[in-house]
Amino acid sequence: MAISFSGIVALLILSLAAPAIAKWRIASPTIYGAALVISAVLFVNAALRVGSPAADCVLPLGLPWLGAHFHFDSLAAFFLAVTNLGGAVASLYAIGYGRHESAPGRVLPFFPAFLAGMNLVVLTADAFSFLLAWEFMSLSSWGLVVSHHRNSDNVRAGYIYLVMASFGTLCLLLAFGLLAGSDGSYAFDAMHSAHDHTLAALILVLVLLGAGSKAGLVPLHVWLPLAHPAAPSHVSALMSGIMTKIAVYAFIRVVFDLLGPPDWWWGVLLLGIAAATTVLGVLQALMEHDLKRLLAYHTVENIGIIFIGLGLALAFRANGMVFAAALAFTAALLHVLNHSVFKSLLFFGSGAVLSATGERDMERLGGLIHRMPQTAFLFLVGAAAISALPPLNGFVSEWLTFQAVLLSPALPQWGLRLIAPTAGAALALAAALAAACFVKAFGVTFLGRPRTERANTAQETDRFSRSAMIALAAICLLLGILPGLAIDWISPATVEMVHGQMPVQRFLPWQTIIPIAQSRSSYNGLLVFLFIAASACLAAAAIHRFASHRLRRAPAWDCGTPSTTPLTQYTASSFAQPIRRVFGSVVFRARECVHMPAPGNTSAARLEVEMHDIPWEAIYAPLAYGVSFLSERLNALQFLSIRQYLSFVFLALVFLLLVIAIWS
Amino acid sequence: MHSLAFDIAHLLAGGLVLVSFMMLYQDRMYALINVFALHAVLLAVSVAWQALVQDAPHLYITALIALVFKATIIPAALRRIVERLDIHREIETVVGTGLTMLAGMALVALSMVVMLRVTAAADPLAREDLAFALSIVLLGLLMMVSRRNAVSQVIGFMSLENGLVLAATGAKGMPLVVEISVAFSVLIAFIVIGIFLFRIRERFDSVDIRALDRVRRERL
């Protein structure tokens, strides 16, 4: 624990020192290098702590009668490991990427502060310090979102982020207030006692709103695709890959740890929201042609997958099915780890593309595999992992989630028995659509021919960025072929939260994982990997031997492909069109119409696509309209005379006295 | 002795409420100032009586302040202001006198109900005193709300403050009573000086409301 504290303090000192040295030429490598070292130490410390007995500590900070409570158990250690792994790799990436930063003075102070804030949230064990750390994390990341504040889109993103973050914190504040009760203490230890059913339900809803708005549950996800891409790419990776996981941690801490035994319908609520989040996230990602926004929408999808696991764990736990709960919970935690790894990798890849070409719009990229072959390959690994392709890590956690879904027929309540397979179907749909989406993202960005001059002249990214991406890709592969080690590593956290654990996987032959029983299902990532590697090598050799080297004659008119302009290629929107046709009319109220010029008119035909962002239009736009309408009305209150203000005070006083007179 | 002490305190506090009512229906500036001076004198007597009963000599200071400052200096200053500003003719009330009196009675009833119910466990002496003090505060507020003139609003504020001092002295062992009364007196002095020196009557929509309207039209 002492190591964690010194690490956090060191990060804060780094953050304070940053403005002083920001003018130096080596400021950015210094800061990021120091952050890398600190995060790496914190990562090793946390990773080794999983499974050790919990440690407590009270420091005389914060409120005088409360102090600052800290608690370091296996769950916290797991999330700290995820956080600091991401932090370390992002720092490594930023040593190279930070050179392209136009205004390092706006990024450098906030980056270590953001890392420190995320570490603090996980360690705190009382409501006051938790909310303080939570807000610190939100505000420091806000500073990073608006670091390029000349761009009006970024300012808007920052504004929406700030509003959503305050809303979330307000909900968490109320939740903790209810947890503590009227005379309760604000330390987490004192909140463990059982809570009244309606009160617990209210707390659950508040935490769903509070943590869900940070994690990006539908319909609270609107700020993610705005704010995450607005930040510099290494920060996007942290916000998307790590900060959303901190929100998942907050949810787990309150609902699984503090709230006591769950009701069965909590699972229904959670699964419904999670299924909607998963499908909507991936569909919006498919419609998106901005590389970083696409990735942010995929974060929404993956948060949905994590919450499907958590919802199943709650449902099983409410029915005393400890083993199944442990399986679902392990799947969720494993997906937390996996998503943080491959989402960081993908954001790094998009950051490399962005710094090489200055473009985020896929329609202006293309052919980058020739200019940036390593980045392309590493991005491909990340894309395969997020599309849940074996033998990479994304497959393992989604497969485990499916195994948990398959256990749901044993649940006694019909509501759960209906919603769990629905969530499973949503998960399957989302996995398929995610694969389609990344075929689009990779294909349009890296394959084909360059669509613009800048894409044509791109250079491979620097070696720090590449080494960060290589490290993440290696972790993706390792977690994919040795999942048993990860599952065993997570199991102490599972024991803490759902009082059960999956069977020990470590000693099974050939690193097979058997989540339930040998007769039901098993998966061996190592064998799959070897098979894929061998068959791919054989196929490549065969093609090379028998096809590539042969003399080929092609027709002169080759469907237009070898000649003319890059505009003849498949575009991102044309790739997404079939899916837009199938789902778009319902989910986005999409409409297409083709404007053909009149016969004899030589102007170009036009295809117009109209799409609606339903959550925004149905919830946020009316809300914003209502707020501005009310403030227009209340504006008149700014121009009253003193006597009229006094009348308001007087009437309020009389009203309150009347309330006392009537009620007491 | 105790019963007599209680009765006299009760009488004085009741007298203060009565004088508050008298202030409500005054429609001449000078008369209003005179009634306020009477209010302050009664307050001084009441506080002095509390000092005697509670054996708390520091309250004599408060009584002295009330007598010298509120009953003498401020009324004199206000009279000069009224002369200077030439507003001694009449007081523009917003609502009619009868309606104001009725509202005042309702407020006294309300404060009785609230106070007697909330402080059921308290010392009876303090209880009655608090109920009267709250009535005086509310009547002072009512006065501020129902007048347009800056000077009468200041008088309303001062009678409100008298109610606060009464409440503070009535409760036995209340800390910082003297300090509070001094602070309030300084505050009032500043307001009075403000009116006198800077003629801020426009801020109190006293003379020329059209000026305010003009500002508002510019803003909208």
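How much area do chain B and chain A bury between them, and what share of it is on carbon and sulfur atoms? In this predicted model, the two chains bury about 1800 Å² between them, with 76% of that area on carbon and sulfur atoms.

**Where chain B meets chain A**

- The contact draws 22 residues from chain B and 16 residues from chain A.
- On the side of chain B that touches chain A, α4 (97-118), α5 (124-146) and α8 (209-219) of chain B each supply at least two residues.
- Sorted by class, that side of chain B holds 14 nonpolar, 1 polar and 7 charged residues.

- Asp73(A) and Arg253(A) form a salt bridge, and their closest N and O atoms are 3.0 Å apart.
- This pair links distant parts of the chain, 180 residues apart: Asp73(A) sits in the loop between β2 (68-72) and α3 (74-97) of chain A, while Arg253(A) belongs to helix α10 (residues 233-258) of chain A.
- Are Asp73(A) and Arg253(A) buried or exposed? Both Asp73(A) and Arg253(A) are buried.

**A loop-to-loop pair in chain A**

- Arg360(A) and Asp290(A) also meet through their side chains in a salt bridge, at 3.0 Å from N to O.
- Arg360(A) counts as partly exposed because its relative accessibility is 26%, whereas Asp290(A) is buried because its relative accessible area is 15%, under the 20% cut-off.

**A partly exposed pair, and a network**

- The side chains of Glu608(A) and Arg606(A) form a salt bridge as well, at 3.0 Å from N to O.
- Glu608(A) has 34% relative accessibility, so Glu608(A) counts as partly exposed.
- Arg606(A) is likewise partly exposed, at a relative accessible area of 48%.
- Elsewhere, Asp73(A), Arg253(A) and Asp257(A) are joined into one network by salt bridges that share partners.

Methods. Residues are numbered from 1 along each chain as its sequence is written. Chains are lettered from A and ligands numbered from 1 in the order in which they are written. This is a predicted model: local features need pLDDT of at least 70, side-chain atom pairs count only at pLDDT 80 or more; totals for chains, interfaces and linings use all residues. Side-chain values use heavy atoms; hydrogens and water are left out. Contact means heavy atoms within 4.5 Å. Buried area is the accessible area (1.4 Å probe) that two parts lose on being put together, summed over both. Helices (H or I, at least four residues) and strands (E, at least two) are DSSP runs, numbered from the N terminus. Ala, Val, Leu, Ile, Met, Phe, Trp, Tyr, Cys and Pro count as nonpolar, Asp, Glu, Lys and Arg as charged, and the others, Gly among them, as polar. A salt bridge is a side-chain nitrogen of Lys or Arg within 4 Å of a carboxyl oxygen of Asp or Glu. Buried means under 20% relative accessible area, exposed over 50%, partly exposed in between (1.4 Å probe, protein chains only).
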